[in-house]
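Here are some notes to keep beside you while you look at this one for the first time.

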Amino acid sequence: MAAAASVMPPHADPPPLAAARNPTAPASDSQRRRDAPTPSLRALFLRAVDPSRPSSWSAAVADLLSSGDPAAALAAFAAALRANPAALRPALPPALRAAAAAASLAAGRQLHLLALRSGLFPSDAYAASALLHMYHHCSRPLDARRAFDEIPAPNPVIVTAMASGCVRNNLVYPALAIFRSMVASDSAAVVDEAAALVALSASARVPDRGITGGIHALVAKIGLEGHAGVANTMLDAYAKGGGCDLGAARKLFDMMERDAVSWNTMIALYAQNGLSAEALRLYGKMLNVGGGIRCNAVTLSAVLLACAHAGAIQTGKRIHNQVVRMGLEENAHVGTSVVDMYSKCGRVEMARKAFRRVKEKNILTWSAMIAGYGMQGHGQETLEVFNEMRRSGLKPNYITFISVLAACSHAGLLNEGRHWYNAMRKEFGIEPGVEHYGCMVDLLGRAGCLDEAYGLIKEMNVKPDAAMWGALLSACRIHKNVELAEIAANRLFELDASNSGYYVLLSNIYAEAGMWKDVERMRVLFKIRGMKKPPGYSSVELKGKTHSFYVGDKRHPQHKEIYAYLDKLLERMQEAGYAPNTGSVHHDLDEEEKGSMLRIHSEKLAVAFALMNSVQGSVIHVIKNLRVCTDCHTAIKIITKLTGREIIVRDIKRFHHFKDGLCSCGDYW
């Protein structure tokens with residue numbers, strides 16, 4: 001017990017500093033009171049503890065631990081053993097927990113030895129549970145397992161402690177195996193709230209989503225479904241399962257007694273899965289539910305994420321106003337969400353203003369701002385913020401470099417991209433991952449260095465993913481390299497055969513090259529493999545409501561006015577030199593038929609609707625779920641020049657910031 005004894009409280013306070021005082025001088029009453037000896041720490045400690053009572057020592061150790069001073073708790077335990085050996089039994093469990101809190105493996109091992117010599121381990125359940133807790137908190141799960149295996153008949157508390165420790169050390173499958181053995185050994189009745197929480201925490205970390213459903217069934221059977229903590233943990237487990245468990249999560253949410261944690265989890269689940277409308281609807285219900293449930297920083301961050309995914313700038317502004325009213329604008333977590341929302345809605349200057357208001361910026365805040373400029377293709381501004389972050393003392397990480405390289409790619413900064421790609425490894429010691437390689441392939445492809453991009457893919461030390469081959473395929477479309485496009489497409493078909501976008505993109509390349517037999521071959525292959533192209537649509541937000549349009553859409557209440565307005569607009573566009581890019585139509589039709597198909601694309605319908613219904617001078621935001629077609633891209637550039645309006649289109653690939661007849665992408669996407 002040397003480790004514990006070494007941190008014992010002092011036996012006495014230092015003597016009063018009286019040497020500077022004249023010992024013969026008379027002392028006043030006030031001076032006498034000041035100079036009277038104060039009680040020592042030891043005296044105060046003994047005044048609170050009855051040395052003759054073991055439980056008093058146990059309480060002292062536990063109180064010191066709960067006050068946040070595990071070293072003092074260990075010292076008190078050492079004092080207890082000297083003062084009253086009978087204090088060992090009640091004081092050992094809190095002493096083991098103190099060793100865990102201090103992450104002192106040395107003290108923990110001494111306590112383990114003491115428990116063995118005294119016979120408290122493995123016979124005493126409390127000591128055994130605390131011992132397992134200590135080893136797991138000291139990151140020694142194998143030692144915990146060896147100790148667990150020495151316990152002849154572990155009770156549910158000990159089993160739960162073992163499983164909880166496994167989860168702590170990310171050993172989720174062993175944790176679930178222990179939980180199953182506990183259920184099988186007796187009956188489901190041994191599962192209490194603590195055991196259910198541990199099992200659900202473990203299930204949230206495994207890819208097999210059926211496990212959560214199985215635990216849910218058991219929890220419902222034994223009547224724990226209504227427990228707030230269990231229900232919230234179960235909801236979190238479903239949330240981590242993604243969209244596949246969305247229905248089960250909502251069913252549980254609708255049945256449970258909801259608190260702020262429940263609402264936040266469900267809103268975040270919808271937002272993270274791109275179901276922004278559902279997230280915003282649920283947020284509206286939360287505001288009206290009453291019962292003392294109020295939105296907080298977590299709620300607002302989740303709702304801002306929903307706005308970011310939907311590109312709902314007007315709703316996002318209202319949520320930002322709520323952030324300001326609640327005094328959370330300087331909060332790093334919420335402030336970062338505001339920056340991210342404005343960035344993904346294409347309003348990078350507003351993102352910059354929000355960024356400046358965050359007081360304690362962390363690496364995520366800086367990364368959000370860097371990514372914001374990068375998404376808009378503002379390469380130089382991205383690098384300026386990146387260098388500003390470095391000057392602040394923060395070291396760039398793996399994610400930061402993804403944003404920097406992506407910005408160089410979007411802005412076509414070939415030399416800068418090469419520099420930071422090399423510096424990432426040599427200066428900062430960060431090995432590139434698939435995301436960094438993907439950015440470099442995109443950057444090289446944009447610059448027309450297709451052979452170099454292909455060579456990088458062949459030489460890199462990680463397996464190329466679909467995004468990387470997709471970047472090369474996109475570059476081949478821009479630079480009309482059919483041969484390399486076929487190589488990239490074949491790799492994509494192997495990696496992700498169910499993704500219809502790759503078939504469509506290769507078909508586009510064939511169509512633009514006039515290779516109609518190959519276009520037909522792709523169409524046949526598309527059908528044989530049972531592929532279905534997701535319907536393309538464009539959406540625009542107006543007065544807080546989202547309006548969606550599909551190609552040739554006539555479901556909108558204003559569709560007649562929209563088509564009439566678009567016809568007049570197309571006449572003006574043609575007078576300004578616009579000619580339909582019929583090469584982007586994938587059917588071997590005559591030119592007039594192709595032109596008719598192009599004029600009813602969803603992007604044009606959304607832009608026409610927004611021009612009709614918004615005030616002059618306001619920025620138009622359009623969200624496209626697929627890649628913007630070449631003809632619509634050309635058309636929108638001309639529209640901005642004719643109307644003097646600014647139009648931001650966010651497609652599946654990137655942002656297009658149209659203004660004065662130009663696009664921020666430089667016609668590369």
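**Notes on the model**

1. Ser 139 is exposed, since its relative accessible area is 51% and the cut-off for exposed is over 50%. Keep in mind throughout that this is a predicted model. You'll find Ser 139 in the loop between helix 9 (125–137) and helix 10 (141–149). Its backbone deserves a look too: Ser 139 is not a glycine, yet its phi is positive, at about 60°.

2. With a relative accessibility of 55%, Asp 660 counts as exposed.

3. Now for the whole chain. There are 36 helices and 6 strands in it. Of the 669 residues in the chain, 49% are buried. If you take the contacts between residues at least 6 apart in sequence, 64% of them join residues at least 24 apart.

4. Pro 122 belongs to helix 8 (residues 120–123).

5. Next, a helix pair. Helix 12 (residues 172–185) and helix 14 (residues 210–221) have axes that come within 13 Å and cross at roughly 30°. Angles under 35 degrees count as roughly parallel, and therefore helix 12 and helix 14 are roughly parallel to each other. Their crossing is left-handed. On the helix 12 side the contact uses Leu 176, Phe 179, Arg 180 and Val 183, while helix 14 brings Ile 211, Ile 215 and Leu 218. Sorted by class, that contact has 6 nonpolar residues, 1 charged residue and no polar ones.

6. How do helix 29 and helix 30 pack? Helix 30 covers residues 482–495, and the two helices meet at an angle of about 155° with their axes 9 Å apart. That makes helix 29 roughly antiparallel to helix 30, because the cut-off for that label is over 145 degrees. This crossing is left-handed. Helix 29 contributes Ala 466, Trp 469, Gly 470, Leu 472, Leu 473 and Cys 476, and the residues from helix 30 include Leu 484, Ala 488, Arg 491 and Leu 495. The contact divides into 11 nonpolar, 1 polar and 1 charged residues.

7. Stay with helix 29 (residues 466–478) for a moment, as Ser 474 sits in it. Is Ser 474 buried or exposed? Ser 474 is buried, because its relative accessible area is 2% and the limit for buried is under 20%. Apart from neighbours within four places in sequence, Ser 474 is in contact with Leu 505, Arg 627 and Lys 653.

8. Tyr 398 lies in helix 25 (residues 398–411). At 32% relative accessibility, Tyr 398 is partly exposed. Not counting residues up to four places away in sequence, Tyr 398 touches Ile 430, Glu 431, Gly 433, Val 434, Glu 435 and His 436. Between Tyr 398 and Gly 429 there are 10.0 Å in space, C-alpha to C-alpha, and the two are 31 residues apart in sequence.

9. Lastly, the record. In the model, residues 259–293 are 74% helix and 0% strand, with the end C-alpha atoms 7 Å apart. Residues 362–396 are 74% helix and 0% strand, and their end C-alpha atoms lie 11 Å apart.

Technical notes
Residues numbered from 1 in each chain as written. Predicted model: local features only at pLDDT ≥ 70, side-chain atom pairs only at ≥ 80, totals over all residues. Heavy atoms only, no water. Helix = DSSP H or I, 4+ residues; strand = E, 2+ residues; numbered from the N terminus. Buried < 20%, exposed > 50% of the residue type's maximum accessible area, 1.4 Å probe, protein only. Contact = heavy atoms within 4.5 Å. Axes fitted to C-alpha atoms, helices over the stretch in contact; angles between N-to-C directions. Parallel < 35°, antiparallel > 145°, perpendicular 65-115°, else oblique. Left-handed = near helix turned anticlockwise from the far one by under 90°. Nonpolar A, V, L, I, M, F, W, Y, C, P; charged D, E, K, R; others polar.
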